[in-house]
Amino acid sequence: MQVFVTGASGVMGRSVVVALLGAGHDVRALARSGEQAGRLQDDGVEPVVGGLFDPDGLVVAFSGCDVVCNLASHVPAGFAAVRPGAWRVGDRIRGEGSRVVAQAARAAGVRRFVQESASLLYADGGDQWLTEDSPIAVNRATEPLAMAETHAQEFTDGTRHHVVLRFGSIVGDDDYTRWRLARARSGQPVAYGAPDGWMHVINAEDVGTAVLAALTAPAGTYNVGAEPVRRRDLAQLLTHAVGRDRSRFLTRPLLRLGGERVEMLTRSHRVSSRAFCRATGWKPRHGELSTEWVLPGRSGQRRRRLAALGDAYASRSADDSDEGWSEGGWSDGNDRDDDLRREVPPHH
Ligand SMILES: NC(=O)c1ccc[n+]([C@@H]2O[C@H](COP(=O)([O-])OP(=O)(O)OC[C@H]3O[C@@H](n4cnc5c(N)ncnc54)[C@H](OP(=O)(O)O)[C@@H]3O)[C@@H](O)[C@H]2O)c1
C-alpha cells in the first residue's frame, strides 16, 4: 500500500516508518523543512515538504495514497507541560490539525485514516479493567484528543474507514522517559498520582507494529499497549534503572495546582488492549514493562549514553525547579503544605 505518515520524524513516527517499510509498504511523509526531507529520504521515505494546516497542499500530498496515518503531535515533556501556553501548539495539532488532515484525506480519495490518540482520555477507573466502552473524561486537557477522535470518525462512510488508536503512555527512548530517569538519578520524584493506581504503557517500538496492524483492522477505536502496571512499579523500575533505591512521587497538593494537565496523568488506567489484539492478531513485542525498555541491552555504552543524557536533563530539571516546582513523597504523608506553597510557581 501507499501510506502517508504525518509526524514521521517523531518517536512514534519513526517506529511507524520502520514497521511500514519493513512490511513492504511505500511510505510518503510530511516534512517541515528541506533538511528533514533529506533525512526522511535517506530512510527510504518519500518526503513532501509542507504544513499540517495547509488543506490544499495536503490534498496534493495525499493523492494516490491508500492510507493516511496522522501521528503529528507536540507533547511537552516534564514540567514544561505546566508552563503557560505549553499546550497551545499541541492542542491545535490534535484539535484542528486532525480535522484538516482527515478532510484532506477524504478529498484526496484516501480510503483509510489512522489517528493516534491516548488512553489518558479514560476516566479514572480504579482497579477496574477499562475497555473501549469505558467512560471517558473530557476536560480542557483531553478535549483535543476527543476532537481528534471525532474528526477521524467523520472520515468514515460506506467506503472509507477510520481507525483510532488509544495508545498507552510511551516508555522508552523518548524525552519524557529521559526526563524521568534524570529526575530519578538526582533523587527527585518521578511519578504522579496514587502509587497503587494503574498506568497503561507502551514501548515505542510497538507503536509501529500497531499502526501497521491498523492498516487492515476493522474500523473503530482500539486501546493499544502492553500490560498495565501499577505506578509504584514503574517508579521503582525507573529509580532502580539509574542505580537508586527509593522512588518518590509528587505530592498531592502540588498535583492539584498542576490543574487538568496533571490530573489526566494521575488517573488510574488499567486498560485492556485485548480487542485490538483479537481484531488484528497484533501482539506487543514488549508485552510487559521491564528495565530493558529504558536500558535496552544494558550495555556499558548504552548506560553511559543514558547517564550523559541524564545529566543534560537533570540540568533542565534544575531549571524547572527554579520556576518553583519541587516535590515530596505522595504516600509517606510527610510533606509540609507550607513548603509546597513556597515551591509552587506564581502562575498556578
Ligand atoms: N500516547 C502517548 O503517551 C503519547 C502520545 C503523544 C506523545 N507522547 C509523548 O511525546 C513524545 C514522543 O511522541 P511523539 O512521537 O508523538 O512526539 P515527537 O517525537 O515530539 O514527534 C512529533 C512529530 O509531530 C511533528 N510535528 C510537530 N508539530 C508539527 C506541526 N505543527 N506540523 C506538522 N508536524 C508536526 C514533529 O515534526 P518535527 O520533527 O518537524 O517537529 C514530529 O514528527 C514522547 O515523549 C511521549 O511520551 C506520548
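Helix α6 (residues 175-185) packs against helix α8 (residues 231-241) at an angle of about 65°, with the axes 8 Å apart. α6 is therefore roughly perpendicular to α8, a term for angles of 65 to 115 degrees. This is a predicted model, in which local features need pLDDT of at least 70, side-chain atom pairs count only at pLDDT 80 or more, and totals for chains, interfaces and linings use all residues. Residues are numbered from 1 along each chain as its sequence is written.

**α6 and α8**
- α6 passes α8 in a right-handed crossing (the near helix is turned clockwise from the far one by less than a right angle).
- Arg 180, Leu 181 and Ala 184 of α6 meet Leu 238, Thr 239 and Ala 241 of α8 (C-beta atoms, placed from the backbone, within 7 Å).
- By class, the contact of α6 with α8 has four nonpolar, one polar and one charged residues.

**α1 and α7**
- Helix α1 (residues 11-22) and helix α7 (residues 204-214) pack at about 55°, with axes 7 Å apart.
- α1 and α7 are therefore oblique to each other, and their crossing is right-handed.
- Residues making the contact include Val 11, Met 12 and Val 16 of α1 and Ala 204, Val 207 and Val 211 of α7.

**Nonpolar core**
- The largest nonpolar core has 91 residues (buried nonpolar residues joined through C-beta atoms within 7 Å; buried means 20 or more other C-beta atoms within 10 Å of a residue's own).
- α7 gives the most to this core, with seven residues.
- Among the residues with the most contacts inside the core are Val 16, Cys 69 and Val 211.
- Cys 69 touches Val 3, Phe 4, Val 5, Val 16, Val 114 and Val 211, not counting residues up to four places away in sequence.

Technical notes:
Axes fitted to C-alpha atoms, helices over the stretch in contact; angles between N-to-C directions. Helix = DSSP H or I, 4+ residues; strand = E, 2+ residues; numbered from the N terminus. Parallel < 35°, antiparallel > 145°, perpendicular 65-115°, else oblique. Contact = placed C-beta atoms within 7 Å. Buried ≥ 20, exposed ≤ 12 C-beta atoms within 10 Å, placed from the backbone. Nonpolar A, V, L, I, M, F, W, Y, C, P; charged D, E, K, R; others polar.
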